[in-house]
Amino acid sequence: MFLSACAKLPTKSLLFNDPDPALLNVWPPPPERPRIKLVKVFKGAEDFLLPKGRIESFFEALTGEHNQPLEFMAPAGVASDGDRYIYVADPSSRLVHRFDFHENEIIYLTHSGTEPLASPVGVALDSNGNSYVTDSVKAKVYKYNANAEYVGVLGEGVIDFQRPAGIAIAKNDFKYVVDVLANKILVFDRNDRFVSDFPNNVHSQDLNKPVNIAVDKDDNVYVTDAFNFSVKMFDRKGNLLKVIGSVGDGPGSFSRPKGVAVDSESHIYIVDANFDNFQIFNQMGQLLLFVGNTGKKPGQFFMPNGIFIDRDDRIYVTDSYNQRIQIFQYIKEQASN
């Protein structure tokens, strides 16, 4: 049995088509040409202006309490199809928020069958609209179909995860799951069958508490190697290609690296929870730009965590301790005539 809850939103939410004109934050600042701009900041259900009576009646039915809208508590993983849905894994709330901007509806993934989620930290979407949720406490990766109905467990009976965290899905629907305690990346094919794991035992490829992962358009895999204070780039077979960053307190180095993502031009974005920013690198590992600093204002962060970039180069960052999501836009070079 699938257990979830949902609330209808008014026909107002145009997240992808209606950037907030009050948000003027751009990086780098003038007079340089901007490459990143902030387009949206939101904290959950209340930002979509649900009528008060509907909020009260819905959450009373759900929780038995009055005036309990489900805002973010400490959002971690985030994913979007770039058109209709945003999924936000919120381990402190023990659920995943699914925002549907076609139906103006929020659905909360709270259970795997009859069992409640314990610590959903990662989420990813395949090409068929299925969502995969990593639960670090239950040590499972749960699958839900496009209707947000629970389907089953990834690798059940074949793989025993120790602590799954980050998850990414390539364009061919292969799934890549980080296992923090195993120091491994586990790979599953489009039919959810286990294929392989990496890295191998070559010393130069060892991971030390990896946490997050991304896959680019060429199926290269980027892994946040937290205790080695770097991001490691592998090819699709798990061969090490490059190491980006090292421990330090200056631009281009890391203190507490978290989420990683890649845009359409293969720039690499890496979140650092201690620096309260994300840094952008080219494929040579050279720092191009960093975005954000410590604070509560739009464009600032307090312990950011996850990052995801959709097909239109919108950048979703979970600003965990500010209990919100911030959405940026990468601005490409204009083609010259």
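This is a predicted model: local features need pLDDT of at least 70, side-chain atom pairs count only at pLDDT 80 or more; totals for chains, interfaces and linings use all residues.
So, one definition before we start: buried means under 20% relative accessible area. Hold on to that, and look at Phe301: its relative accessible area is 1%, so Phe301 is buried.

Okay, who does Phe301 pair with? One partner is Phe328. Their ring centres sit 6.1 Å apart with the planes at 40°, so we call this pair tilted. Phe301 is in the loop between strand E25 (287-291) and E26, while Phe328 is in strand E28, and the two are 27 residues apart, so to speak from distant parts of the chain. Phe328 is buried too, at a relative accessible area of 0%.

Now, Phe328 has another partner, Phe278. That pair is edge-to-face, with 5.3 Å from centre to centre and 75° between the planes. Phe278 belongs to strand E24 (residues 277-281) and Phe328 to strand E28 (residues 324-330), so this pair ties together parts 50 residues apart in sequence. Is Phe278 buried or exposed? It's buried, at 0% relative accessibility.

Across the whole structure, the search turns up 18 aromatic pairs.

The largest pocket has a volume of about 1,000 Å³. It's lined by 44 residues, and the ones nearest its centre are Ile169, Val215, Phe308, Ile309 and Asp310. Several strands give two or more residues to that lining, among them E4 (78-80), E5 (85-90) and E14 (164-169). Which element gives the largest share? That's E10, with 5 residues. By class, the lining splits into 22 nonpolar, 12 polar and 10 charged residues.

Then there's the second largest pocket, with about 630 Å³ of space. Here 32 residues do the lining, and Val121, Val211, Arg256, Lys258 and Asn305 are the closest to the centre. At least two lining residues come from each of E10, E14, E18, E22 and E26. E26 gives the most, with 3 residues. As for the classes, this lining has 17 nonpolar, 11 polar and 4 charged residues.

After that, go to Ile169 and Val215, two of the residues nearest the centre of the largest pocket. That's it from me, thanks!

Definitions and conventions: Residues are numbered from 1 along each chain as its sequence is written. Side-chain values use heavy atoms; hydrogens and water are left out. On a 1 Å grid over the protein atoms alone, a cavity is a set of points where a 1.4 Å probe fits but cannot get out, and a pocket is an open set with protein on both sides within 12 Å along at least five of seven lines; lining residues have an atom within 4 Å of a point. Grid points are joined across faces, edges and corners, and a volume is the space filled by probe spheres set on the points. Helices (H or I, at least four residues) and strands (E, at least two) are DSSP runs, numbered from the N terminus. Ala, Val, Leu, Ile, Met, Phe, Trp, Tyr, Cys and Pro count as nonpolar, Asp, Glu, Lys and Arg as charged, and the others, Gly among them, as polar. Rings of Phe, Tyr and Trp (its six-membered ring) pair if their centres lie within 6.5 Å; planes under 30 degrees apart count as stacked, over 60 as edge-to-face and the rest as tilted. Buried means under 20% relative accessible area, exposed over 50%, partly exposed in between (1.4 Å probe, protein chains only).
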